[in-house]
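The entries follow in the order in which I worked.

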Amino acid sequence: MTAADLILWLTVTTGAVWVAVALALMTGLGRHRSTSTDMKPTVSVIIAARNEENNIGNCLQALSAQDYPAELREIVVIDDNSTDRTKEIAEGYLTRIPGLRIIDAGAPLKGVAPKKSALIKGIGESSGDVIITTDADCSPPPGWITEMAGLFEPDVEAVVGFSPLEGKGLTGALVNFDSLVNAVVSAGSLGLGVAGSAVGRNFAYRRKAWLDAGGFGSGAAAASGDDDLLLQRIAANGGKILFATDPASFVPATGKKSPVEWWRMKRRHFSAGRRYKPGLIVLGTLLYLFNPALIAMTVCVICGEIKPCWLIISIWGLKISVDGLALARGADLFKVYNWKIPWLVAELISPFILTV
């Protein structure tokens, strides 16, 4: 077998996996329904904030407009050793938001990433039956807590939410499209009964489920990926997990300011995959390998080492088509409208980005 033959085999094999996963995600997305009830558990909203003086005010202003009964919720802001006016600005809302508490994170726990240490302290000092996490750069809509909490029927242990990243220009379009892709993968997987990923900007779980799962566990030492691992452990314990699809539950967040910042964030997220379950690692590896294989096969076709050329054109065309179908279903579910141009651009550049 020549190198070109190996590349052809690898591209076709991993490409088949890619197409199968995309079609499966479409099926999973189609199984979600807005099923929020009138359930009213006690809720603790947890926000770890470090040097967020430009964002914390907007976040707390949004939380002050929540329509969830004040007596059933508390908002805990953990000042993660900020060196700016984050804590001062947050304290200005103490008289405006019933149930708001501001605590100091203190020194990080040994072997625990600073933000996770702050969240652990905040969760430990909170009291709600349901914990909902978000970030200081988020602006939850007024019905957010009501919608997320309403999904916690007796058999539900966790609820994953959608959090679109917003920004301006090229970077804004990039991060917004990326958040749609992440939601398609997360919601599609959950629709198939597979707990894969969650974003800490919009994630809720029962306190008991968090304790039974061992909190953030070994993932607490990493800069990212801990929410994914927590979700997977909750699922492993038999907990029912839902994805919130009502727009009232969507939590917009400020996107990264530059492509470099966004890529650094993505690299941190990718690094978390090494701690996933073996089955997810194998699947993720096959999906990853499709990208360099596709590039290598394209080069081989251009150099005349693989013929006919219609084969690579067909593979590219099939990939773009099934990706588009899955994204179209996700965009409809999450009310994302300006996704088609970023999708086409991403189809051309993402194999190169994901390869490096």
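Predicted model: local features only at pLDDT ≥ 70, side-chain atom pairs only at ≥ 80, totals over all residues.

**Entry on backbone angles.** I kept in mind that most residues other than glycine have a negative phi, and that most peptide bonds are trans. I then looked up Asn81, which sits in the loop between β2 (73-79) and α3 (86-91), and found that its phi is positive, about 55°, although Asn81 is not a glycine. Is Asn81 buried, exposed or partly exposed? Its relative accessibility is 36%, so I wrote it down as partly exposed.

Lys335, in the loop between α11 and α12 (340-355), is a residue other than glycine with a positive phi near 55°. I recorded Lys335 as partly exposed because its relative accessible area is 41%.

**Entry on a peptide bond.** I found that Lys307 and Pro308 are joined by a cis peptide bond, with omega about 0°, and that Pro308 lies in the loop between α10 (278-302) and α11 (310-333).

**Entry on a helix pair.** I looked up α1 (residues 3-29) and α10, whose axes come within 8 Å and cross at roughly 130°, which means that α1 is oblique to α10. The crossing of the two helices is left-handed. Among the residues that make the contact are Ile7, Leu8 and Trp18 of α1 and Leu283, Phe290 and Met297 of α10.

Notes
Residues numbered from 1 in each chain as written. Heavy atoms only, no water. Helix = DSSP H or I, 4+ residues; strand = E, 2+ residues; numbered from the N terminus. Buried < 20%, exposed > 50% of the residue type's maximum accessible area, 1.4 Å probe, protein only. Axes fitted to C-alpha atoms, helices over the stretch in contact; angles between N-to-C directions. Parallel < 35°, antiparallel > 145°, perpendicular 65-115°, else oblique. Left-handed = near helix turned anticlockwise from the far one by under 90°. Contact = heavy atoms within 4.5 Å.
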